[in-house]
Amino acid sequence: MLRQPSSDTTTSSRLLGMHRAERRQVTALICDLVGSVSLTVRLDPEDMTSVIDAFLTTCENVIGRHGGAITQYAGDGVLAYFGYPRAGEDDAATAIRAAIALRDAVGRLDAAQGQPLRLRIGIATGLVVVSDLMPRADGRPVDIVGETPNLAARLQSIAAPDSIVVARTTERIARGMFDFRDLGTFALKGFAAPVEAFEVLEEAAVASRFHARIRGESSPLVGRDQELARLFDCWAAARFGSGQVVLLHGEPGIGKSRLVEELRRRVADVSQLQMIWHCSPTRCDSVLYPISEQLALIAGFDRTDGAATRRDKLDRFMNAHGVTDTTARAVLADVLGVAPEPDNPLQTMTVEKRSEVTRETLLRLIDMMVPTGPALLVLEDAHWSDTTTLELLDRAIQRAAQRRWLIVVTARLEYEPPWAASPKVTRLPLGRLSQGDAERICTHVAASAALPAATLRQIVNRGEGIPLFLEELAKYVVEASAAPARDGHASVAIPASLQDSLVARLDRLGPARRIANLGAAIGRRFSYDLLSAIVAEPEARLGESLDQLVKSGLVESSGAPPDSLYTFKHALIRDAAYESLLRRERQTLHGRIAAVLRDRFPGTRDTEPELLAYHFTESGAIAEAIPLWADAGRRAASRAAHVEAARHLQTALDLLRHQSADGERADLELELLIGLAVSLAASRGYTVPEVGKALSEARAICDALGNTAGLFAVLRGICSFLIIAGDLDGAEEMAHLCLGIGEQTGLPEHRIESGVALGYILFARGDLPAARRLLAAAVQLYQASDGARLPQLSSQDPLVAGQASLLQVLHAMGDDAGAAAVASDLIAHARRLGRPFDLAWALSWLAFYQLARGDYEDVLLATEEALRICRDHGYPLYQLVAGSLQAHARGHLGRTPDEALAAASEALPAFQTLGMMHFSCFYLGEVAGLQLIVGKTAEAMQTIDAAIDAARRYGDGYFLSPLHRRRAEILAALPDTAPGQVTAALREAVAVAEAQGASAFLRRAAARLAAIDDDAPRRQSA
């Protein structure tokens, strides 16, 4: 016996305007009469028909009353959905309530012979695909595909009479709102894994766990008087010349943006400039995206502007703010994506210099835009910012004290920048609102509808003091024109209740929901011009739909069409709209968006290749996406944004490897691997396994292709990797191969890099004269060739690497004047480059040199700066190096030597964890020296012997003479040292130094030996 769903006016109106297939979360309810077969045996068919009709009518009434939709009748059972065809705020809980009410109502029906009817009910919640949101014209039922209805059916089959059994997901959503009994797990037909099942016992009082991921701006600011007062105090200080920095942080949805908006509104009359830099979760890897977006807005750029128009607008912008410098114009053109002029000065700069000039120009621009008056600078959602913008923020914060600036940074709790610990930074955490403040927000939102007291209390309880949750819940109740459940208790767990609320508001948009879906496919923020290009809608209808979106509170807008921009109020709203699209529809939309960006906004390829690449990737057009990801990686690397570059290049590489193999693919794969290795090494160091993996894969491709030029960069990278791993023999082999390639190609970058690499290895081995010749020649060639402009083949600038090694060589050979000159040049050059990694490298090697000289105070200064850079930019190896050198210096200065020894000792296994065996003898030797200082002489002896063994094992001969000299010092401090042992150790130090040409090491060992020889006659006479 089949019965079709009723087509009453209520159902029809609920379905109105919903015609598209989509993905959505639903709760499926299946109920079935118990013992229906026996009833058919006992009852007359006409009586049985009356029983079934009464049962089905009751199901329709109860389920309909609870907002459910019956989609299928099968004999003596029904299948109903909650969350379809329109979502409700707490569909899982509503389904359970409907099940309880249905069980009670059916139990009151009187079957023949006075026996009540009994039910079995199964309920499950999950994702389904609804193939059509209206019944088909041919009368076939709506197709809903997914595990959820099948699971509900299986759960119904194991339910006892008059019981309700729910799936784990449903129980988790409704936990606390109902009492459940855990039935354990069941092996259900069609399900590979055992399924957890829970029996519903009764409805219970509910404690809400409603949390936020969204922010809100629409309600009056309540409950933030103290926080706003602190912001005004900071603003007042900034106005009178003492710049301020505020970190405004808290839970998602807690009202950070709302508080900033209030501050902006109240200081608008007295602030000369307000710049708000909005970060985006989809643009975390887009270099300077928040800055370029803000500047484009100020300059009046339009996506459809041609190159000439954009240059004209840039000129007007510069003239308006008194910017006349050609370099500044080139920087702004680069940031804004304006085509460069033929004489663009940036083209002659190194990557590092260009990055530095860009930062300084942008900061100078702010100064020019506010020559006298105060400025409010805001970075919103800093946890989604790209690395380069954060570097610019760091510079701005450093300058804030000397400017009339108030810098406000909003972020989630997990964002903890290094500068936040400074006493000059005001930390302003936002807590949850009191009950009274929460009620005021709800009353304002629902001003047009007099909410019953019980309903108001329920919204306040569900909101849990989080402003946006309170705002969204109140809007939902008003828009639904009905109050929530009468008992006043919260009824849905956090994720499901928030998702249901958002989807419910989307459903109420009617035809405008389609525009929300399309906008969501573009991203969190979308423009009218791009949306209109992909939507097949008349302009008037599109405008009406966008107006409805804005009025709904889901989206906020700025500007007027066709120049308007639209932003989903929170990422979760956008996600709800986007994820309801079928995967194939998303793919089609991304393809359409990519085509429009490519054809109608061609500048996107040059200014935001990663955006175009993303849409092509999601559309399945991988062949078109790969070169765009590669371009994005190159563009980021050219700005020294190596974190973003590595992500883009890795994406390109992953996609490429799913393409068919051919010679062209191998060439591109090699290029991507080399670029990836360089960016990974620059951002994370050569010790990370990914660097070695990329280099080994690139080496295999080079061997197969016979690619000499590509092979050089690979071999150079492998050389560095082997050095750090302590394999100097293998590293020297790679360096000689690089030297041969350099001789073959004659390219200065090849000759410089190979000279630096081999010179470093010879320095580490202790072949000082040969190392000096190679390193000095490489340095000279770099300077003669303007090496900063040459292609970068490794993660370090070769002059920084070469001078750092030459510095140690000159020191050991006793050329104090030459070493001092190189040390000065090294740091000056690293600072001119403006690249954090090179500066951290240079400062660490300077500290190494200073430690060897005994200039311990200078070591502390150099390592403090190096550590700050490493912490800010994430260089774990050199952070460990600088920290160790700092500990050694503190110990030699007698400042908490026990703590210094502990820190230096803890670093030893950390070096091994990072894969750095090279120089392990040096760090062991320094630990032995600290052990001697604190009186742990026996331990020092064991450590120094291990250090000498490591020097011999890994070929680090440079350190052997100093290590034998230290061994002599330790032997002299041991009470049971045999006669002549100290002398033998010093003679070994002298012999090694003589063989190496290390005259400075020789002098120190010889002086100590002479002192012992002078003491011998006196000891004998005594």
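Predicted model: local features only at pLDDT ≥ 70, side-chain atom pairs only at ≥ 80, totals over all residues.
Student: Which residues of α36 are buried, and which helices do they pack against?

Tutor: An α-helix has 3.6 residues a turn, so residues three or four places apart point the same way. In α36 the buried residues are Tyr 856, Val 859, Leu 860, Ala 862, Thr 863, Glu 865, Ala 866, Leu 867, Ile 869 and Cys 870. They pack against α34 (816–833), α35 (836–853) and α37 (876–892). Helix α35 is itself mostly covered, with 16 of its 18 residues buried, while across the 1022 residues of the chain 56% count as buried.

Student: How are helices α18 and α20 placed relative to each other, and at what angle do their axes cross?

Tutor: Two packed helices are described by the angle between their axes and the distance between the axes. Here the axes of α18 (residues 512–522) and α20 (residues 539–552) come within 9 Å and cross at roughly 80°, and the two helices are therefore roughly perpendicular to each other. On the α18 side the contact is made by Ala 512, Ile 515 and Ala 516, and on the α20 side by Leu 542, Ser 545, Leu 546, Gln 548 and Leu 549. The residues of this contact divide into six nonpolar, two polar and no charged.

Student: What is the strand order of the open three-stranded sheet, and is the pairing parallel or antiparallel?

Tutor: Strands of a sheet pair through backbone hydrogen bonds, either parallel or antiparallel. In this sheet the order is β14-β16-β15, with antiparallel pairing. The edge strands, β14 (525–527) and β15 (555–558), each pair on one side only, and the twist from one strand to the next averages 25°. Helix α20 lies across β14, β15 and β16, and runs at about 115° to β15.

Student: How many bridges join β16 to β14, and how many join it to β15?

Tutor: The antiparallel pairing of β14 with β16 (residues 565–568) extends over three bridges, and Ser 527 stands opposite Leu 565 of β16. Between β15 and β16, the antiparallel pairing extends over four bridges, and Glu 556 has Thr 567 in β16 as its bridge partner. These two strands form a hairpin with six residues between them, and in the turn Gly 559 has a positive phi of about 80°.

Student: Where does Gly 35 lie, and how far is its C-alpha atom from that of Pro 161?

Tutor: Gly 35 lies in the loop between β1 (22–33) and α2 (36–42). Its relative accessibility is 35%, so Gly 35 counts as partly exposed. The C-alpha atoms of Gly 35 and Pro 161 are separated by 9.3 Å, although these residues are 126 residues apart along the chain. For the chain as a whole, among contacts between residues at least 6 apart in sequence, 71% join residues at least 24 apart.

How values were computed:
Residues numbered from 1 in each chain as written. Heavy atoms only, no water. Axes fitted to C-alpha atoms, helices over the stretch in contact; angles between N-to-C directions. Parallel < 35°, antiparallel > 145°, perpendicular 65-115°, else oblique. Contact = heavy atoms within 4.5 Å. Nonpolar A, V, L, I, M, F, W, Y, C, P; charged D, E, K, R; others polar. Buried < 20%, exposed > 50% of the residue type's maximum accessible area, 1.4 Å probe, protein only. Pairing = 2+ DSSP bridges.
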